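Please look over the structure below before reading the notes that follow.

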Amino acid sequence: MGALLEQFTGQSDLFLFTHAAFWVFFGIVLLASCILSHHRALRIAFLFIASLFFYFKTGGYFFALLILSTIVDYTIGLALYRASKPAARQLLVAVSLIINLSILGYFKYTYFFADTLAHFTHTEAPVYDYLAAMANHLFGTAFSIEQIILPVGISFFTFQTISYTIDIYRKELKPVRNIIDFGFYVSFFPQLIAGPIVRAKHFIPQIYRQLILSEKWIWWAILLITGGLFKKMFISDFISVNFVDRVFEHPVAYSGFEALLAIYGYSLQIYCDFSGYTDIALGVALLLGFRLPKNFNHPYKATSLSDFWRRWHISLSSWLRDYLYIPLGGNRKGSLRTLINLLVTMLIGGLWHGAALKFIIWGALHGIGLIVNRVINRIITKKRKLITVLSWFITFNFVSVTWIIFRVDSLENAQILIDRIRYTFSISDAIKIFSSTPYTYLLILAGFTLHWLPDRMRNRLKIRFIQYPIWLKTVLTALALYAIYSLHQSSLLPFIYFRF
């Protein structure tokens with residue numbers, strides 16, 4: 001109990017969905033939200049404060065950046081709505097973009113730019129945290145100035161506030177008049193750290209609706225949360241600790257068969273980790289009376305790379321489409337320009353994930369893949385069943401192989417992994433490896449099997465669970481949660497997308 005209290009009252013990296021302290025916090029928030037259900041303004045103000053507290057728990061004093069971003073885009077949004085001259089409106093949007101992207105660039109890409117400069121000039125480019133030094137000078141704080149620390153979730157809430165300003169500029173949205181309401185939209189804690197990226201026009205109208213929770217939606221939320229915890233704690237963390245991490249960190253020590261299996265294992269791990277977070281976020285938000293957009297739709301069922309990006313991290317891919325690809329010209333300016341726009345969009349998408357060459361390469365590979373995908377679709381207009389199956393097989397393996405670049409600590413390890421598969425792969429290793437550690441491989445197989453279940457069967461099972469008597473749903477949920485927390489790894493692993 002003392003340890004739990006310490007996690008709840010002090011800043012903690014473990015104040016996350018998989019930690020008990022979070023659920024104590026959420027229980028208090030949910031109770032207060034229900035008590036204040038008939039007092040909209042008070043309820044939203046409380047949830048705004050709770051969201052800032054949550055960000056302080058996970059991000060420390062960087063919650064000041066969240067407040068800054070809120071004030072900047074709230075003010076610019078109002079000014080945009082009042083401005084009538086095109087030049088003034090364009091200037092306001094430019095100011096928003098410059099401020100938001102400068103903050104994101106400073107914290108996320110300074111090291112990348114410094115290392116790139118040092119590489120090409122053959123000189124050292126030491127990094128110094130000027131913002132921390134300025135805060136120390138002005139406020140007497142004692143922040144470290146030796147390194148720039150990346151605030152958690154900055155890529156997500158930056159894109160969210162940028163989309164708000166652009167939507168007002170496009171006259172697709174009216175600005176929020178109350179800064180508390182807008183601050184709540186920016187900081188809503190279930191999706192603050194790792195998405196989904198929420199559009200203001202979808203979320204803000206919900207702020208002004210009365211909280212109504214039906215039994216159906218409560219149990220649907222519980223099902224989402226339980227499923228998310230199962231994906232993250234039971235599948236993702238287990239195969240990460242017991243197999244995938246070991247192979248990727250020391251690939252030379254493993255056979256070609258193990259290297260290939262680790263690649264497929266990581267494909268499952270990152271999906272269960274990220275979609276698990278999203279499922280929990282959707283469930284938590286739903287219990288508070290808010291519906292967040294679906295962020296995953298069984299991406300490894302995709303039969304083309306464009307289909308994959310309609311299923312994977314949907315809120316990011318749609319953001320890149322609406323605020324980058326289409327403004328660049330989309331497919332409206334000829335075939336060559338369309339292909340260039342695809343490549344540029346995916347390069348930016350890769351860079352969004354991290355300030356490293358490997359993410360640019362990963363984005364470029366997907367950009368080239370989308371170009372090839374587009375060319376093939378023009379050649380093959382009729383898709384028979386055999387072609388569809390072949391397309392799925394190629395897409396799944398292309399995505400899995402490109403995850404190598406995304407996951408490795410160095411490009412050298414990526415080359416080693418590929419070489420191990422090329423030169424030491426042997427089917428005969430499968431039986432020997434399986435007999436030594438069967439549970440990990442069975443879990444990978446089970447995870448993909450669940451992922452590839454027909455949608456009709458999956459939906460039928462969900463509906464059947466919702467229709468069960470309350471006592472049976474309660475018992476099944478309690479047993480599932482007990483099993484998840486009993487069998488999970490002793491160490492709590494952070495969600496992969498927290499680093500972005």
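How do the residues of the lining of the largest cavity divide into nonpolar, polar and charged? They divide into three nonpolar, three polar and no charged, where Ala, Val, Leu, Ile, Met, Phe, Trp, Tyr, Cys and Pro count as nonpolar, Asp, Glu, Lys and Arg as charged, and the others, Gly among them, as polar. This is a predicted model, in which local features need pLDDT of at least 70, side-chain atom pairs count only at pLDDT 80 or more, and totals for chains, interfaces and linings use all residues. Residues are numbered from 1 along each chain as its sequence is written, and side-chain values use heavy atoms, with hydrogens and water left out.

**Cavity**

**Helix α5**
- Helix α5 (residues 86–121) spans only 42 Å between its end C-alpha atoms, whereas a straight helix of 36 residues would span 52 Å at 1.5 Å a residue.
- A kink of about 65° in α5 is centred on Y109, the bend being the angle between axes fitted to the seven residues ending there and the seven starting there.
- Just after α5, H122 takes a positive phi of about 60°.

**F234**
- F234 lies in helix α11 (residues 215–249).
- Because its relative accessibility is 24%, F234 counts as partly exposed, the class between buried (under 20%) and exposed (over 50%) with a 1.4 Å probe and protein chains only.
- Leaving aside neighbours within four places in sequence, F234 is in contact (heavy atoms within 4.5 Å) with L229, L443 and L487.

Definitions and conventions: Helices (H or I, at least four residues) and strands (E, at least two) are DSSP runs, numbered from the N terminus. The expected span of a helix is 1.5 Å times one less than its number of residues.
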